[in-house]
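Colleague: Could you take a close look at the side-chain contacts in this one, charges and rings first, then the packing? I'd like one connected walk through that part.

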Amino acid sequence: MTTATCNGSKHMAFVGDSNGTVHGLEMHEDGFPQIARFWRAHENAITAIDTKGPYLATASGDRTARVVDFETGKTLVNLDPSNEALRDIRFRPSDPHVLMTSSRGGVISIFDIRHRQPTHALDCAEMTFVQWMPPRPIFPSVQVRHSKPIHTISRAYAFKDHQSNSPQSSITAVQWLPTRDHLIVSAGGSDASLTLWDSRYISRNNVAPLAHTDLPANDPYYTRNFGVTSLSLSSDGSRIYSTCRNSSIYAYSVPHLILGQAPELEPLDNSRLPHKGLNHRGLGPLFSLRHDDLGIDSFWIKSSIQPSAVTGLGDILAHH
């Protein structure tokens with residue numbers, strides 16, 4: 001399963017399952033969540049969900065991603081990022097029309113769903129709004145716009161000193177940095193390092209990253225290369241937490257993703273980069289979180305942040 005929450009007119013949580021179905025849960029009067037709506041979004045397992053405003057985006061093992069309006073139940077656009085199973089999907093914090101996906105083949109794709117594309121018939125499940133007993137969903141064929149990437153980073157794992165060209169070199173997690181949301185952080189299935197990109201300077205002739213972080217070499221539990229399953233940002237954007245398959249959660253300092261002087265990370269920096277990426281060295285994790293009951297031995301085990309604005313007690317990091 002994969003999950004996401006939204007804070008619209010009603011606080012809702014969305015759960016995607018291995019059958020490609022999305023379940024929308026609302027808090028009931030008795031204090032327990034109940035399914036309020038559901039729909040079949042994909043033909044394969046849903047690997048990631050993200051929300052922004054009224055929009056909900058899903059990525060799947062069927063190699064596609066979709067954006068729906070969860071208030072009306074309408075499928076808005078079908079994304080065709082790559083020929084590989086997708087691993088993550090994220091809306092840009094400042095713009096709900098821009099989002100990115102990452103794939104098993106190591107490809108990061110950026111989309112702008114405002115770009116007009118031809119419509120095609122697509123089998124989409126109608127969103128079912130539940131009253132008491134959930135009726136069976138139906139799957140009508142509707143006309144849905146298709147969208148192609150406006151930018152693509154191919155072989156995004158191949159710019160590290162400790163690169164691996166194995167099948168485990170998929171890009172399993174991506175995040176926009178909220179303070180400067182043209183910056184992207186990615187992580188993969190081959191090791192626990194993070195890579196920093198500037199989406200303004202991605203082109204066919206320039207795909208090198210800004211920086212990549214050191215591995216957690218001083219961690220006695222990091223005995224070999226373990227991949228990352230998810231990335232979570234603190235509510236103030238100062239730290240990023242990576243969930244690693246050695247059953248650790250590593251905390252990175254966002255201002256130190258580039259070591260030394262780094263105007264690229266300053267909020268008001270408008271400097272242009274050289275024609276080719278810088279690929280600087282970044283600081284490794286500040287610390288790690290471990291617990292005897294925290295077992296992360298699968299890509300499907302992820303973590304997420306419940307922000308302080310919701311809890312009133314500070315950020316809460318949970319795995320699921």
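Modeller: Let me start with a cut-off: a charge sits over a ring if NZ of Lys or CZ of Arg is within 6 Å of the ring centre and within 35 degrees of the ring normal. Keep in mind that this is a predicted model. With that cut-off, arginine 224 lies over the face of phenylalanine 226, 4.3 Å from the ring centre. Arginine 87 does likewise with phenylalanine 299, at 4.8 Å from the ring centre.

Phenylalanine 299 also has a ring partner. Its ring centre is 5.5 Å from that of tryptophan 300 and the planes are at 70°, so the pair is edge-to-face. Phenylalanine 299 counts as buried because its relative accessibility is 13%, while tryptophan 300 is partly exposed, with a relative accessible area of 36%.

The structure holds three aromatic pairs. Another of them is phenylalanine 14 with tryptophan 39, edge-to-face at 6.4 Å centre to centre and 70° between the planes. This pair links distant parts of the chain: phenylalanine 14 is in strand β2 (residues 11-16) and tryptophan 39 in strand β4 (residues 33-40), 25 residues apart. Both phenylalanine 14 and tryptophan 39 are buried.

Now the salt bridges, seven in the structure. Aspartate 88 pairs with arginine 90, the closest N and O atoms being 3.7 Å apart. Aspartate 88 is buried at 6% relative accessibility, and arginine 90 is buried too, at 18%. Aspartate 198 bridges to arginine 200 with the closest N and O atoms 2.9 Å apart; aspartate 198 is buried, with a relative accessible area of 6%, whereas arginine 200 is partly exposed at 36%. Shared partners also join Asp95, Asp112 and Arg114 into one salt-bridge network. Within it, aspartate 112 and arginine 114 have their closest N and O atoms 2.9 Å apart. Aspartate 112 is buried at 9%, and arginine 114 is partly exposed at 45%.

On to the packing. The largest nonpolar core has 24 residues, and those touching the most other members are Leu177, Val185, Leu194, Leu196, Leu231, Ile240 and Leu257. At least two residues of this core come from each of β17 (183-188), β18 (194-198), β20 (228-233), β21 (239-244) and β22 (248-253). Leaving aside neighbours within four places in sequence, leucine 231 is in contact with residues including Val185, Leu194 and Ile240, and also with Arg90, the partner of aspartate 88. A second, separate core of 14 residues includes Ala65, Val67, Leu86 and Phe111.

Note on methods. Residues are numbered from 1 along each chain as its sequence is written. This is a predicted model: local features need pLDDT of at least 70, side-chain atom pairs count only at pLDDT 80 or more; totals for chains, interfaces and linings use all residues. Side-chain values use heavy atoms; hydrogens and water are left out. A salt bridge is a side-chain nitrogen of Lys or Arg within 4 Å of a carboxyl oxygen of Asp or Glu. Buried means under 20% relative accessible area, exposed over 50%, partly exposed in between (1.4 Å probe, protein chains only). A nonpolar core is a set of buried Ala, Val, Leu, Ile, Met, Phe, Trp, Tyr and Cys residues joined through side-chain atoms within 4.5 Å. Helices (H or I, at least four residues) and strands (E, at least two) are DSSP runs, numbered from the N terminus. Contact means heavy atoms within 4.5 Å. Rings of Phe, Tyr and Trp (its six-membered ring) pair if their centres lie within 6.5 Å; planes under 30 degrees apart count as stacked, over 60 as edge-to-face and the rest as tilted.
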